[in-house]
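Here's a quick briefing to read with the model open beside you. Have a look at the structure first, then work through the topics below.

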There are 2 protein chains.
Amino acid sequence: MTEMMTKEELEAGLRKIGAERYHHLHPFQKLLQDGKLNKAQVQAWALNRYYYQANIPVKDSFILARLGTVELRREWRQRIIDHDGSETERGGIEKWIALTDGVGLDRAYVESGEGILPGTRFAVDAYVHFVRERTLLEAVASSLTELFSPNVIGIRTKGMLEHYPFISKETLAYFDKRPVQAKRDSDFALEYCLENARTPEQQQAVLNALRFKCQVLWAQLDALHFSYVDPALTPPDVWRPGVAETGREAA
Amino acid sequence: MTEMMTKEELEAGLRKIGAERYHHLHPFQKLLQDGKLNKAQVQAWALNRYYYQANIPVKDSFILARLGTVELRREWRQRIIDHDGSETERGGIEKWIALTDGVGLDRAYVESGEGILPGTRFAVDAYVHFVRERTLLEAVASSLTELFSPNVIGIRTKGMLEHYPFISKETLAYFDKRPVQAKRDSDFALEYCLENARTPEQQQAVLNALRFKCQVLWAQLDALHFSYVDPALTPPDVWRPGVAETGREAA
């Protein structure tokens, strides 16, 4: 039988999963931040990750629908506002479009999701289904990858600006506010999980939800790496270099 | 606007998708049937595909629940019987276990699904979700990859028996009856789709459902190829060569 952990032990367990399984360890991430990818490979990354970004408010809406109290919904709705923006402030999705604009991809094509890899679609859809079908505690716990993102974002942004002439600070504006938002969101979600995991089984479910989410992120980079880097075996029906290019990318 | 096709044109469109997108074209499939994989790679294939096999009766049960008439359910339930077997006849899932037994994998480990690739899980789960959430017509159409399987099964079985000393005819017993079953099942499903796709939109939905299903199969081989062949980047938490081996494989 698994024994009950203290909150500190559970948090340490979560952080250990991040240290071992978060996608900062994926070879594609390293190639991206070290400037080892060509422009088409960076385009493929931006195009596919758009589908992930576009589904974040969808999964957060399902969580919102299940939170059950005014207080919790007030807290969680900020995530949706951050991604969808407002009349006065661009949201995360719009900023991601600035990124795909910046690398010269046609906006309508990106928004259509047409050319994304099946591996991207299956992984992202698995995430949305997970937050609908598992317990609320697991749904919240699956957001905890944000505990590990602030550090990675800094390294990636710095590396990309340094190495790619087609990447500007404006192109990467999406990432400017993410570290602060991610820290605020993950502080709250972590506290919620530590507080609401009240049996050994629930604690294990929290750990497993984070493992699952790490797989969702990892599998997206697997698909990109396999299809566009090595062996660059692009499956039928997906985006190929040169498709949907606008020729209007950032200088 | 898309125009209405004749039944012959729709069938030709479906067969064209198979010719261009079915997983017989995937490099992993070719390596498998040409004897170019090592034993661990064949084990990885058998282990991961078990999860697909195990979910076939699940997806067929969802279709069964939606068919709406005695006649249609009588027809479709045969698929479930074929996979789950009976007191007197081994089903497809049991025969797949004979295959994983034959290549020396621990049965409890295989059945647990523990070591499968996230890419396998996400693709198979996407298939189950698809038949629950799309129209019944699309759910039925997604089974039409069976139109293309009989031919591929013959080539693969012959190649595997010829090239791998650890593969016996008994190990591959799963495939003995599949060509006949697949032909019977896909004849019925094809007729159903040709009959029930009564608008240009429904015809396109049928074509897209088959494209989707080809992606489900293709993505599973992508994951295997990427993780166990090239670059053999095995993600965290999944089966590695040597794990769960029984040492009792077929001579």
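One definition to start: two residues are in contact if their C-beta atoms, placed from the backbone, lie within 7 Å. With that cut-off, the buried residues of α1(A) pack against α10 (174-196) and α11 (200-229) of chain A. Keep in mind that this is a predicted model.

**How the two chains relate**

**The interface**

- On the chain B side, 24 residues are in contact with 23 residues of chain A.
- Which elements of chain B give two or more residues to the side that touches chain A? They are α1 (7-21), α7 (118-133) and α11 (200-229) of chain B.
- α11(B) supplies the largest share of that side, with eight residues.
- Sorted by class, the side of chain B that touches chain A has 13 nonpolar, four polar and seven charged residues.

**The nonpolar core**

- The largest nonpolar core has 121 residues, and the members touching the most others are C193(A), L210(A), C193(B) and L210(B).
- What does L210(A) touch once its neighbours within four places in sequence are left aside? L210(A) is in contact with L14(A), I17(A), A141(A), S142(A), L144(A) and T145(A).
- Two of those partners, L14(A) and I17(A), turn up again among the buried residues of α1(A).

**Helix α1 of chain A**

- Helix α1 (residues 7-21) of chain A has 15 residues, so at 1.5 Å a residue it should span 21 Å; its end C-alpha atoms are 21 Å apart, which agrees.
- Which residues of α1(A) are buried? That list is L10(A), L14(A), I17(A) and R21(A).

**Helix α7 of chain A**

- The length check works here too: the 16 residues of helix α7 (residues 118-133) of chain A should span 22 Å at 1.5 Å a residue, and the end C-alpha atoms are 22 Å apart, which agrees.
- The buried residues of α7(A) are P118(A), G119(A), T120(A), R121(A), F122(A), A123(A), V124(A), A126(A), Y127(A) and V131(A).
- What do the buried residues of α7(A) pack against? Within chain A they meet α3 (39-67), α8 (136-141) and α11, and from chain B they meet α7 and α11.

**Two spots in chain B**

- L25(B) sits in the loop between α1 and α2 (27-33) of chain B.
- L25(B) has 17 other C-beta atoms within 10 Å, so it counts as partly exposed.
- Although L25(B) and W218(B) are 193 residues apart along the chain, their C-alpha atoms are separated by 8.9 Å.
- R77(B) belongs to helix α4 (residues 70-84) of chain B.
- R77(B) is partly exposed because it has 14 C-beta neighbours inside 10 Å.
- The C-alpha atoms of R77(B) and L64(B) are separated by 6.9 Å, with the two residues 13 apart along the chain.

- As background, most residues other than glycine have a negative phi, and most peptide bonds are trans.
- In chain A, the peptide bond joining D230(A) and P231(A) is cis, with omega about 5°, and P231(A) lies in the segment after α11 of chain A.
- Chain B has a cis peptide bond between D230(B) and P231(B), again with omega about 5°, and P231(B) lies in the segment after α11 of chain B.
- D237(A), in the segment after α11 of chain A, isn't a glycine but has a positive phi, near 75°.
- D237(A) has 17 other C-beta atoms within 10 Å, so it is partly exposed.
- A244(A) is also in the segment after α11 of chain A, and its phi is positive too, near 60°.
- With 19 other C-beta atoms within 10 Å, A244(A) is partly exposed, because a residue needs 20 or more to count as buried.

Terms used
Residues numbered from 1 in each chain as written. Chains lettered and ligands numbered in written order. Predicted model: local features only at pLDDT ≥ 70, side-chain atom pairs only at ≥ 80, totals over all residues. Helix = DSSP H or I, 4+ residues; strand = E, 2+ residues; numbered from the N terminus. Nonpolar A, V, L, I, M, F, W, Y, C, P; charged D, E, K, R; others polar. Core = buried A, V, L, I, M, F, W, Y, C linked by C-beta atoms within 7 Å. Buried ≥ 20, exposed ≤ 12 C-beta atoms within 10 Å, placed from the backbone. Expected span 1.5 Å × (residues − 1).
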